[in-house]
Amino acid sequence: LLHCGSIPSQIMKWNGWGYSDSRFLFNKKGQAEFTGKRYRLSGMIIPGLKDWFEGTFGANLQHKTPPTPLLTNTAVPPATLNEAFVEEVKSTGIPFSHDAEDRVFRAHGHCLHEIFALREGKIGRVPDMVVWPSCHNDVVKIVQLACKHNVCLMPYGGGTSVSSALECPPEETRSIVSLDTSQMNRILWIDEKNLTAHVEAGIVGQDLERLLNESGYCTGHEPDSMEFSSLGGWVATRASGMKKNIYGNIEDLVVHIKMVTPQGVIEKSCQGPRMSTGPDIHHFIMGSEGTLGVVTEVTMKIRPMPEYQKYGSVVFPNFEQGVACLREVAKQRCAPASIRLMDNEQFKFGHALKPQVSSIFTSFLDGLKKFYITKFKGFDPNHLCVATLLFEGNREKVLQHEKQVYDIAAKFGGLAAGEDNGQRGYMLTFVIAYLRDLGMDYYVIGESFETSVPWDRVLDICRNVKARIIRECKDKGVQFPPLSTCRVTQTYDAGACVYFYFAFNYRGLSDPVHVYEQVEHAAREEILANGGSLSHHHGVGKLRKEWMRDTISNVGMGMLKSVKDYVDPNNIFGNRNLL
Amino acid sequence: MLSSSGVVVDEEEEEQEEEQRGLWCSGPFGLTVFVNADKMSSGAVYSHKDPMLKKRDDFEDILEERRTSSDLRYALRCYTPVLYKGVTPCKTSVLKSMVLQSDQLHYVINQVSKESGRAADDVREEASAILEEMAHSLQLSTVRFFAFMLSKVFKTLFRSICVNEEGIQRLQQAIQEHPVVLLPSHRSYMDFLLMSYILYTYDVALPVIAAGMDFMGMKFVGEMLRMSGAFFIRRSFGGDKLYWSVFSEYVKTMLKNGYAPVEFFLEGTRSRTSKSLTPKLGLLNIVMDPFLKGEVFDVNVVPVSISYERILEESLYARELLGVPKPKESTSGLFKARKVLSEDYGSIHVYFGQPVSVRSLAEGRVNRCQFNLVPRHIPRRPSEEIQSFVNDSAYRLVRAQEENMVLKPWVLLASLLLQNHHQNRAAGQKPGMALDELTTQAVWLRDVSRQYGAFLHWPDHTSPSEVVSSGLSLHRALVRVCEGRVQLAVEQGEQGGPGDPRSTVTPEEELLSQAVVVLSCASYRNQMLHVFVRPALLASAIHIASSNQKQEVFNSFSFLRNMFSSEFILCPGATVQDFEEACYLLVKTGVLQVTQQEVLVTERGHRTLAFLTSMLDPFLQGYQVVCRFLCEEDTETLTEKQFIPAVRKFIVNHLLAGRLRYAEVLSSDLQKNALAALQRLGAVRKIKGVEPGTLKVNRVMVNSLEDTLGGKLPTQKSVSARL
């Protein structure tokens with residue numbers, strides 16, 4: 001093996017989410033536990049999960065669907081190598097590999113169908129070769145060689161795509177080379193006068209934050225995938241971070257981008273904070289999803305690390321009130337760093353994920369809280385929902401801000417429900433992806449998808465999409481009602497970002513992935529019919545391509561296409577995303 | 001067993017899964033919605049392919065229990081209907097303030113205020129007044145009063161009120177899942193009281209009902225109806241933005257929140273002819289809007305078919321059609337109807353049809369994204385796509401009503417007697433037909449109509465002659481049996497007469513009083529028109545076509561269909577489907593042979609074909625007479641208003657001179673429809689002459705249409721699509 005990444009792939013699962021040592025399992029007593037040491041939940045018993053899991057999905061711990069344990073090399077199609085290209089790469093000294101495991105690892109993102117196939121040991125078209133450039137110039141060389149020898153390049157960052165963006169087009173006959181940016185992971189400089197940092201695009205989120213923290217700074221960009229996703233990937237998909245209310249989304253954070261394309265390098269000549277120089281070329285790059293070139297270096301805004309952080313949570317009697325509260329918070333432009341509203345099903349789910357409490361006192365307190373909310377305040381446990389909050393800044397301002405938000409919440413019947421609930425909510429963000437793997441061990445498959453929608457349609461879209469999912473499942477022969485739930489994860493002046501989670505027990509279905517895809521397709525249709533966008537931050541990839549024309553109009557498609565035709569006339573960046 | 005996912009599933013597990021299926025119904029989520037999900041697909045609204053295979057529910061007589069137990073206890077019993085998603089009913093005052101505070105109304109009030117220069121508060125006052133005039137104030141005590149009173153009335157008037165209980169169960173279910181719209185057919189004033197009575201009986205949520213303002217003329221009754229759930233809308237408010245806005249917001253607020261099912265009559269008014277009327281789209285647009293705009297997941301529309309064995313307003317309608325103006329509804333007028341109470345009106349059948357999901361109807365038809373770019377509360381004229389969707393849906397719903405209308409044997413008798421009446425008259429034969437001949441023919445027609453999918457209620461364990469005589473005796477006002485011969489009660493005429501002194505009866509009065517009977521009978525025959533209209537159009541097309549060439553026949557069919565599209569319920573744009581359906585039925589019943597090129601009548605098909613052409617003949621003749629009138633009379637200054645009296649006079653003369661045999665052509669309904677058809681075809685245009693609504697007649701065109709109807713001219717290719 002010729003490479004060593006910042007996260008070597010051995011410590012990552014090859015057929016599931018995240019670290020190999022971290023996973024949910026049901027132990028011999030039938031209790032759920034989370035293994036490893038990396039997370040707050042690691043090593044803990046989660047007593048409520050089994051009942052919730054069985055009750056929600058009609059699943060049974062006796063009915064298991066374990067994955068194929070090992071990747072067999074025979075399942076991997078042999079590499080189609082472009083010998084001349086390989087020779088010239090070899091002469092540049094840039095590391096590369098055509099080892100089956102390396103190739104399979106970079107052949108997928110984390111869509112359900114991708115992981116499901118891996119668990120079954122089914123491997124489709126995979127890259128024929130992986131290269132690991134270690135700097136901008138390496139990328140320039142590789143792109144030049146790719147053009148010279150007409151090989152297909154597919155940039156690979158953290159591999160967390162959920163839009164089929166990393167899937168190799170099966171119709172591609174050229175040699176496909178996966179360009180893994182993971183070795184380009186340095187912070188090249190920090191400019192404290194302008195509060196910017198110049199960073200190589202292959203760096204993953206958690207490393208970037210950790211390294212900046214060492215100097216007392218942060219970017220504040222925290223997508224849920226930040227443990228694994230890369231800066232280049234964020235730029236290429238128009239990523240959004242949990243704390244965008246303070247720090248902004250990726251388009252607000254980048255000051256300068258360098259991208260290598262078949263036509264050469266594209267970048268701006270200065271770092272002026274705003275320019276009136278025609279359409280912003282950054283906007284051709286952001287969201288290009290690897291179809292135009294490789295982002296190699298980015299200058300990003302940085303901020304001093306926050307002095308104080310405080311979590312919080314509010315319980316609302318129902319989802320309607322919760323949404324009304326978020327809308328008011330957005331109207332008054334006083335959203336905390338993060339504010340998220342979970343619906344009742346997710347509230348129950350979150351509840352099921354409470355780790356075993358160590359003391360009788362805590363459990364007594366929990367009981368008391370529950371009594372207060374449901375009996376004293378009269379909240380219906382089947383309707384109430386919860387918002388989680390994260391405040392950041394200097395202590396005084398945080399406390400003031402907190403009061404302002406809780407006052408607004410109170411107007412909508414919201415009751416403060418403690419820091420713990422809030423913190424647990426955000427912690428779950430990182431472990432929820434691991435839960436899908438647990439479900440897949442027991443006939444349960446699922447996924448999340450997102451949209452953005454104007455405020456006046458938030459409630460309608462939530463109701464209709466959830467109902468559509470349930471109806472489609474029934475129509476497609478799913479034998480137990482699915483989990484169909486949503487949350488509002490971001491607020492904007494003119495709307496919100498809504499996340500849907502959907503999972504079902506597929507026992508008795510002959511082609512569960514197909515059913516899954518049909519339901520997801522229907523759900524997306526419903527989203528669009530209800531005024532939601534095609535995507536808020538996951539991107540289009542190949543999964544949502546069919547709706548692009550309707551989304552951006554014919555002329556819009558033509559614009560994007562003409563850019564592609566100019567920048568990459570031979571389709572070297574041939575992942576076929578987006579258009 | 002190896003599933004394609006490569007997971008081994010053993011047989012036993014498969015069985016368990018079969019059991020799990022039940023969990024959808026009883027699961028913790030109450031997801032019973034799926035039980036009917038596939039039945040609600042749009043295809044279920046109306047599938048024309050094989051009407052013979054239609055399955056219908058059984059009926060239960062709700063009066064039976066009323067005859068054996070206390071009406072008072074019934075009226076006072078515990079009434080606890082389940083509402084949509086368990087919402088609690090909402091007070092009228094709350095409802096009103098929701099409407100007045102709605103974004104939509106707010107917007108329109110400001111708009112009207114800006115346009116008219118009036119103060120916004122002033123406009124709001126007006127909106128509030130409109131709402132006061134409109135809103136229902138459903139009160140259980142009034143409902144109980146009606147439940148008591150109607151029990152008494154119904155028991156005297158009717159032998160039975162039969163309801164399909166399964167339909168009620170489906171409705172019950174539908175109400176819990178999605179907002180529900182009830183669409184009953186409209187043949188009598190009785191309809192909406194009857195509906196509420198039935199729903200009360202079955203403990204189903206009581207609807208709020210759109211009623212015409214004319215009821216409000218009857219002060220006391222109007223208020224009573226209001227308290228039993230009616231809300232009142234003006235008959236016309238064309239350009240009144242504010243009125244429309246209050247009205248639509250009021251209906252949508254009730255619907256969206258699921259406070260009560262909304263009930264209205266798709267036909268807009270009572271059909272005086274027993275034919276279904278061309279659907280009105282206003283309210284249907286309103287109730288579909290919340291779904292199209294994503295404000296609710298779905299709306300369930302439930303067509304309800306109410307069939308009266310004998311219509312209370314029978315001769316009233318006939319007289320109205322003959323030109324005696326409709327008396328303004330007044331309370332005293334209603335009491336005069338007390339005479340009605342002493343008569344036997346047979347039975348009523350109420351069939352609650354399969355709930356139709358608006359979502360399924362719209363699937364693949366409407367791009368809901370069209371509402372994405374403008375705030376939904378800003379009223380906009382519906383797009384063409386939506387208009388045509390609503391229009392098509394309306395037709396399908398009317399057809400869904402039609403297909404579950406119960407036909408009593410008398411309907412067959414009326415058809416046969418009418419045809420016989422006209423044929424005898426033409427041939428100068430003795431009036432009437434022998435009773436046993438009628439019975440034989442009725443049995444024949446019974447079998448034919450069943451083959452064509454009629455929902456015929458013919459008691460099978462009773463002998464045909466008993467069935468026939470029971471039908472005749474219930475309608476003794478319209479038929480006479482003497483010396484073993486049955487004939488229409490036209491000779492004496494006094495039944496129909498508005499009470500003129502016998503001695504001074506003019507021929508015209510005589511004619512009109514006969515026409516009352518003929519039109520009454522025709523209204524019963526009309527009840528089965530929907531069963532036969534497509535085959536009958538084909539039969540007539542074969543008759544007037546110049547050859548047996550399929551394309552020729554299709555052209556004639558298409559021409560007739562186009563001509564009669566205001567007369568019968570013919571879904572717009574479905575010419576080819578209708579033609580195919582007609583061919584399918586006539587081939588299947590052995591009447592026709594249809595080859596690639598030709599349409600041939602079989603030996604044994606002539607009888608059916610003759611019956612079908614005779615059924616349509618009065619309409620064909622009627623339209624021709626209207627054409628002739630427009631060509632012959634001095635129509636230079638004819639206005640729309642003068643049209644009916646003038647054409648009536650013309651027809652009376654023709655009838656008296658014996659140049660026309662069908663007295664039913666005197667029906668103003670037919671005359672209006674004919675004019676509408678001619679206008680639609682461009683043969684008559686309304687212009688702004690000296691008088692408003694002056695009719696400009698293109699005589700050449702009218703003349704050629706008349707000739708085509710009479711089979712004297714081949715159908716022009718240009719008017720018809722290629723098959």
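1. Two strands count as paired if DSSP finds at least two bridges between them. With that in hand, please keep in mind as you read that this is a predicted model. In chain A you can find an open sheet of 4 strands, in the order S4-S5-S7-S6 and with mixed pairing. Its edge strands are S4 (96-97) and S6 (152-156) of chain A, each of which pairs on one side only.

2. How do S6(A) and S7(A) run relative to each other, parallel or antiparallel? They run parallel, and 5 bridges join S6(A) to S7(A), the strand of residues 176-180.

3. A word on annotation. The unreviewed UniProt entry gives "domain: FAD-binding PCMH-type" for residues 123-305 of chain A. In the model, that span is 23% helix and 25% strand, and its end C-alpha atoms lie 44 Å apart.

4. Now for charged pairs. Side chains of opposite charge can pair when their charged atoms come close. Over all chains, a search of the whole structure finds 69 salt bridges. One of them joins Asp280(A) and Lys268(A), with the closest N and O atoms 2.9 Å apart. Both residues sit in the loop between strand S12 (264-266) and helix H10 (282-285) of chain A, 12 residues apart. Asp280(A) is partly exposed, with a relative accessible area of 31%, while Lys268(A) has 17% and is buried.

5. Lys96(B) forms a salt bridge with Glu132(B), and the closest N and O atoms are 3.2 Å apart. Because Lys96(B) lies in helix H5 (residues 92-100) of chain B and Glu132(B) in helix H7 (residues 120-134) of chain B, the pair ties together parts that are 36 residues apart in sequence. Is Lys96(B) buried or exposed? Its relative accessibility is 17%, so Lys96(B) counts as buried. Glu132(B), at 44%, counts as partly exposed.

6. Helix H7 of chain B also holds a pair within itself. Asp121(B) and Arg124(B) form a salt bridge whose closest N and O atoms are 2.8 Å apart. These two residues are separated by about one helical turn, because they are 3 residues apart in H7(B). Asp121(B) counts as exposed at 53% relative accessibility, and Arg124(B) as partly exposed at 29%.

7. Arg468(A), Glu472(A), Lys476(A), Glu526(A), Arg359(B) and Arg368(B) are linked in a network of them.

8. Finally, a pair of helices in chain B. Two packed helices are described by the angle between their axes and the distance between the axes. Helix H21 (residues 507-526) and helix H26 (residues 640-656) of chain B pack at about 95°, with their axes 11 Å apart. Where they meet, Pro507(B), Glu508(B) and Leu511(B) of H21(B) touch Val652(B), Leu655(B) and Leu656(B) of H26(B).

Key:
Residues are numbered from 1 along each chain as its sequence is written. Chains are lettered from A and ligands numbered from 1 in the order in which they are written. This is a predicted model: local features need pLDDT of at least 70, side-chain atom pairs count only at pLDDT 80 or more; totals for chains, interfaces and linings use all residues. Side-chain values use heavy atoms; hydrogens and water are left out. UniProt positions are given in the numbering used here, feature names are shortened, and annotations may be inferred rather than shown by experiment. A salt bridge is a side-chain nitrogen of Lys or Arg within 4 Å of a carboxyl oxygen of Asp or Glu. Buried means under 20% relative accessible area, exposed over 50%, partly exposed in between (1.4 Å probe, protein chains only). Axes are lines fitted to C-alpha atoms, for helices over the stretch in contact, and angles run from 0 to 180 degrees between N-to-C directions. Contact means heavy atoms within 4.5 Å.
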